[in-house]
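This report describes a chain from its overall fold down to individual residues. Please look first at the sequence and the structure shown here.

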Amino acid sequence: MPLIALATVALAGPLAAPPLRAQEAGRAEGTVTNPISLETVRGLLARGDAAAARGDLTEARRLYDQARDLSRRLLGFYRDISGAFRGLDARIPREMDQKGRETLQVLAQTNLRLAALFRRQNQPEVAVPLLVEVLKVMTPVSEEGRQAYQSLVEIGFASTPYTAGQAASGGN
């Protein structure tokens, strides 16, 4: 029995460790930093943008790829949680569906950044699948969808300009 008691104490050690202090994380008191979150994805995008601005395209791509991968993982998690609670508690699927929509938008923005990076590196063939994915998840009526289709036209993958979405949104 002492072995079990020792194992219990050993397991309790990490659980009893003090949580990351909010001041250390640079966040408001009482908040917890979650490495698997939309805020983390946005942080990766911001760091990728900074790398691209200084011309470090390799680092920008690495950060954008990480943001894209994390976005896709988040989408799966939100979808799974939503499905698990469907029919049990409508509030949870609604919350997860909303988080999923926000994540889809950030995924589309990530794909647009990656596609722009590939275009900048004269690799339009790598940009096309990313742009098509944006259209698939956001529709051509969204801002991201319009940007994606416009890029496809600029690359020469599509030739018919799409103006209906612009007219619907006030001609922007």
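## Basis and overall fold

Helices (H or I, at least four residues) and strands (E, at least two) are taken as DSSP runs and numbered from the N terminus. On that basis the chain has eight helices and zero strands, which read along the sequence as α-α-α-α-α-α-α-α.

This is a predicted model, in which local features need pLDDT of at least 70 and side-chain atom pairs count only at pLDDT 80 or more, while totals for chains, interfaces and linings use all residues. Residues are numbered from 1 along each chain as its sequence is written, and side-chain values use heavy atoms, with hydrogens and water left out.

## Burial and contacts

Of the 172 residues in the chain, 32% are buried, where buried means under 20% relative accessible area, exposed over 50%, and partly exposed in between (1.4 Å probe, protein chains only). Among contacts (heavy atoms within 4.5 Å) with a separation of 6 or more, 50% link residues 24 or more positions apart.

## Nonpolar patch

Ile36, Phe77, Ile81, Phe85 and Leu88 make a nonpolar surface patch of about 440 Å². Areas come from the Shrake-Rupley method with a 1.4 Å probe, and for residues only the protein chains shown count as cover.

Phe85 lies in helix α4 (residues 57–85) and counts as partly exposed because its relative accessibility is 33%.

## Val126

Val126 belongs to helix α6 (residues 124–138) and is partly exposed, with a relative accessible area of 33%. Its C-alpha atom is separated by 7.3 Å from that of Ala115, eleven residues apart along the chain.

Key
Patch = residues over 30% accessible without salt bridge, like charges linked within 9 Å, V, L, I, M, F, W, Y side chains within 5 Å. Salt bridge = Lys/Arg side-chain N within 4 Å of Asp/Glu carboxyl O.
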